[in-house]
Every structure is written in structure tokens, then in C-alpha cells.
Amino acid sequence: MMHHLNLPPFEVNIRGTREKPQVFDFLRNRFVALTPEEWVRQHFTHWLVEHKGYPKGLLGNEIELKVGDKRLRCDSILYDKSAQPQMILEYKAPTIQIQQKVFNQISAYNLLLHVDYLLVSNGLEHYCCRMDYEHHRYTFLQEIPAYGEL
């Protein structure tokens with residue numbers, strides 16, 4: 001049984017066994033293992049598309065980044081219309097508290113991508129900040145912006 005989240009429900013497509021359930025990822029267009037983190041990812045990406053107007057075609061899940069021999073994986077990335085990364089999204093399971101190390105993790109990804117927005121969620125708490133590179137700071141937003149507000 002997955003946690004109840006602070007996100008609206010969506011039409012979930014689950015298959016597999018009780019021991020190895022899978023959920024359909026509408027961005028990757030395939031079934032993936034249903035973990036607590038994946039439960040958050042699916043709710044959050046559906047919410048962005050269905051309620052916040054984010055174009056499905058500009059979102060990607062499980063995006064790999066390479067730094068020399070090291071490989072990093074962003075949970076989700078929103079691209080702008082010219083295919084440049086605009087937002088990095090990092091998800092944690094609902095049982096994981098959002099702490100500084102989560103922001104350190106997403107900041108490490110941003111050293112490579114230099115996006116305008118960083119977003120972190122465990123499905124219960126959501127934090128979004130806008131980067132201000134000119135003044136070397138960031139601002140936490142009161143709410144997750146709709147796509148048209150980016």
C-alpha cells in the first residue's frame with residue numbers, strides 16, 4: 001500500500017505482483033518498478049501536466065548526466081522549447097524528510113545544468129526555488145509555478 005500524498009490523485013495504471021508491482025510511467029511510456037519514490041514521481045509529474053499546464057513533451061524522467069567517468073541521474077527535468085534544461089526535480093519517498101543533503105544533491109546536478117528552477121518533493125512537502133545567477137542567490141517560491149509563470 002502506497003502512502004497518501006499531498007498531491008491530487010491521477011488514473012494509476014499498475015500491474016505485476018504484490019511483491020513486484022509496476023506503475024505505468026506516461027513520460028517514459030513504459031512500466032517501471034513501483035517504489036515509494038516512483039509513487040511520488042508519478043503523482044508529481046501528472047500534477048504538473050494535468051493541473052499546472054506543463055507540456056508532457058518537455059518533461060523527462062530518469063535523465064542521466066555524465067561528469068567524466070561518473071554518472072548521475074536526475075529524477076526529472078523540465079526542458080524549455082529550445083530543449084535546454086529549465087528545471088531539475090528531485091523526489092524522495094514520503095518517509096524521507098527533506099533536509100539539507102537533498103538540496104546539496106540537486107545543487108550538484110545544477111552545477112552541470114544551470115537551470116532556472118530547482119524543485120524537491122517527498123509527496124508531502126514541496127519546495128521550489130528560482131535561481132538568480134546574476135546575484136549569486138536563490139529564492140524559495142511560495143508555491144509551485146504554473147508552466148505559464150516560468
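Strands β1 (residues 14–16) and β2 (residues 21–25) pair in the antiparallel sense over 3 bridges. Strands here are DSSP runs of E, at least two residues, numbered from the N terminus. Two strands pair if DSSP finds at least two bridges between them. The model is predicted: local features need pLDDT of at least 70, side-chain atom pairs count only at pLDDT 80 or more, and totals for chains, interfaces and linings use all residues. Residues are numbered from 1 along each chain as its sequence is written, and side-chain values use heavy atoms, with hydrogens and water left out.

Residue S76 lies in strand β5 (residues 70–79). S76 counts as buried because its relative accessibility is 0%; buried means under 20% relative accessible area (1.4 Å probe, protein chains only). The S76 side chain makes a polar contact of 2.6 Å with the side chain of N61. Another, of 3.0 Å, joins the side chains of S76 and Y91. A polar contact is a pair of N or O atoms within 3.5 Å; within protein, one must be able to donate a hydrogen and the other to accept it, and residues adjacent in sequence count only if both atoms are side-chain atoms. Leaving aside neighbours within four places in sequence, S76 is in contact (heavy atoms within 4.5 Å) with residues including R41, T45, M87 and L89.

Key:
Helix = DSSP H or I, 4+ residues; strand = E, 2+ residues; numbered from the N terminus. Buried < 20%, exposed > 50% of the residue type's maximum accessible area, 1.4 Å probe, protein only.
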